[in-house]
2 protein chains.
Amino acid sequence: MSRTRGTDRRESIIRAAFEVIAERGYRGTSLAAVAERVGLTQQGLMHYFPSKEDLLTAVLETRDEWDLLNFGRSAAPPAMTPGQLADLVDYNATRPGIVQTYTVLSADSVTEGHPARQYFHDRYRRVRAGIAQLLERNRELLPPGLTPEQLAPLAIAVLDGLQLQWLLDPEEVDMPQSFRDFLTLLGTKP
Amino acid sequence: MSRTRGTDRRESIIRAAFEVIAERGYRGTSLAAVAERVGLTQQGLMHYFPSKEDLLTAVLETRDEWDLLNFGRSAAPPAMTPGQLADLVDYNATRPGIVQTYTVLSADSVTEGHPARQYFHDRYRRVRAGIAQLLERNRELLPPGLTPEQLAPLAIAVLDGLQLQWLLDPEEVDMPQSFRDFLTLLGTKP
């Protein structure tokens, strides 16, 4: 199989996984269901993605790339505005399947030997550095006594923690509004 | 079997589960390993806890009760001070196994039909209400324009989100210090 054809095949598998996740959520997404959608045997799919975790990690990486395309290249955290971060939270509220996948997989990755552990470890380092740069550019708005480096892990914790509460209880937790409340707390009104 | 003996047996199983979690983490904790420690067959243990999720939910409920004993009855969020919340985060930093269990199980519970979903749904409602009361008693310190009800989900999101980042990267993320930074942001210096 040529390298290009392998890449195309990987991309169609990831695309199918997005569809299955949107329809059935994290728990209902199996390698078998994704294989069927893309016209492969499960064995054939496992040639590309040996486990559910491997496939879902690739899905989340792809989501990050698509978000960059959707929001323009400026959507990498270092170049975003606080308002754009809030827009991204609005957008996430329209795709609970993928948010559920992120929440479950990132938490699961803290366990020993998890195949996605390195991915999330590195992603969080990168995003913390990016959010710190975003805040640095808005430094005059920030509360005194706290540096962008101190605030960055808090901002990311708020993003992740609100996703969890919203997924469990969308009637009581308004994720987009709560994130805007956090921006108000930071002083960087969206 | 008498009711009391059944309760005693449940308690020894939960105690054994705490030990196994502390030694082996979430992933290494199986019903078989807990059964062995407590001198039961796996089948015998499943009479009390039909699944790993059921057992771990009971472990987390017990942890909440023990924390109340450790920190005094005043440790229920409505009666706590911000400083006591920070102390609880310090304490959690000494027990990564149980924090890992909380992080994985709470995230997993957002999936459809998960046996712990109702438990976490109700627990988050209760804790949000409790933290809102805690903040209400410190209202004069809070930033203007945000109510205790708006700040409560943010405080809980910070607690949960910092646990995730700390478990993935304890070298870069100082969970207790970061939570104190959040209290500084709120205006309620610990």
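Arg125(A) and Glu172(B) form a salt bridge, with 3.2 Å between the closest N and O atoms. A salt bridge here is a side-chain nitrogen of Lys or Arg within 4 Å of a carboxyl oxygen of Asp or Glu. This pair runs between chains, from helix α7 of chain A, where Arg125(A) lies, to the loop between α8 and α9 of chain B, which holds Glu172(B). Helices are DSSP runs (H or I, at least four residues), numbered from the N terminus.

The structure is a predicted model, in which local features need pLDDT of at least 70 and side-chain atom pairs count only at pLDDT 80 or more, while totals for chains, interfaces and linings use all residues. Residues are numbered from 1 along each chain as its sequence is written, chains are lettered from A and ligands numbered from 1 in the order in which they are written, and side-chain values use heavy atoms, with hydrogens and water left out.

## Salt bridges between the chains

Side chains of opposite charge can pair when their charged atoms come close. Over all chains the structure holds 20 salt bridges, and the count between chain B and chain A is eight.

| Residue in chain A | Residue in chain B | N to O distance |
|---|---|---|
| Arg125(A) | Glu172(B) | 3.2 Å |
| Arg128(A) | Asp169(B) | 3.1 Å |
| Asp169(A) | Arg125(B) | 2.7 Å |
| Glu172(A) | Arg128(B) | 3.1 Å |

Arg125(A), Arg128(A), Asp169(B) and Glu172(B) are linked in a network of salt bridges. Arg125(A) is partly exposed at 32% relative accessibility, and Glu172(B) is partly exposed with a relative accessible area of 39%.

The salt bridge of Arg125(B) with Asp169(A) has an N to O distance of 2.7 Å. The pair crosses between chains, with Arg125(B) in helix α7 of chain B and Asp169(A) in the loop between α8 and α9 (175-186) of chain A. Arg125(B) is partly exposed, at a relative accessible area of 31%, whereas Asp169(A) is buried at 4% relative accessibility.

Glu172(A) pairs with Arg128(B), their closest N and O atoms being 3.1 Å apart. Glu172(A) belongs to the loop between α8 and α9 of chain A and Arg128(B) to helix α7 of chain B, so the pair joins two chains. Glu172(A) is partly exposed, with a relative accessible area of 41%, whereas Arg128(B) counts as buried at 6%.

## The interface as a whole

In chain B, 47 residues are in contact (heavy atoms within 4.5 Å) with 47 residues of chain A. The area buried between the two chains is about 4,200 Å², and carbon and sulfur atoms give 61% of it. Buried area is the accessible area (1.4 Å probe) that two parts lose on being put together, summed over both. Within chain B, the residues that lose the most area to chain A are Arg27(B), Leu168(B) and Leu185(B), together 17% of what that side buries.

Across the interface there are 21 residue pairs in polar contact, both residues being at pLDDT 80 or more. A polar contact is a pair of N or O atoms within 3.5 Å; within protein, one must be able to donate a hydrogen and the other to accept it, and residues adjacent in sequence count only if both atoms are side-chain atoms. On the side of chain B that touches chain A, the elements giving two or more residues are α6 (96-108), α7 (117-136), α8 (148-168) and α9 (175-186) of chain B. The most comes from α8(B), with 14 residues.

## The nonpolar core

A nonpolar core is a set of buried Ala, Val, Leu, Ile, Met, Phe, Trp, Tyr and Cys residues joined through side-chain atoms within 4.5 Å. Of the 124 residues in the largest such core, Phe120(A), Phe179(A), Phe182(A), Phe120(B), Phe179(B) and Phe182(B) touch the most other members. Helix α8 (residues 148-168) of chain A gives the most to this core, with 13 residues. Beyond its neighbours within four places in sequence, Phe179(B) is in contact with residues including Leu85(B), Val89(B), Val158(B) and Leu162(B).

Methods: Buried means under 20% relative accessible area, exposed over 50%, partly exposed in between (1.4 Å probe, protein chains only).
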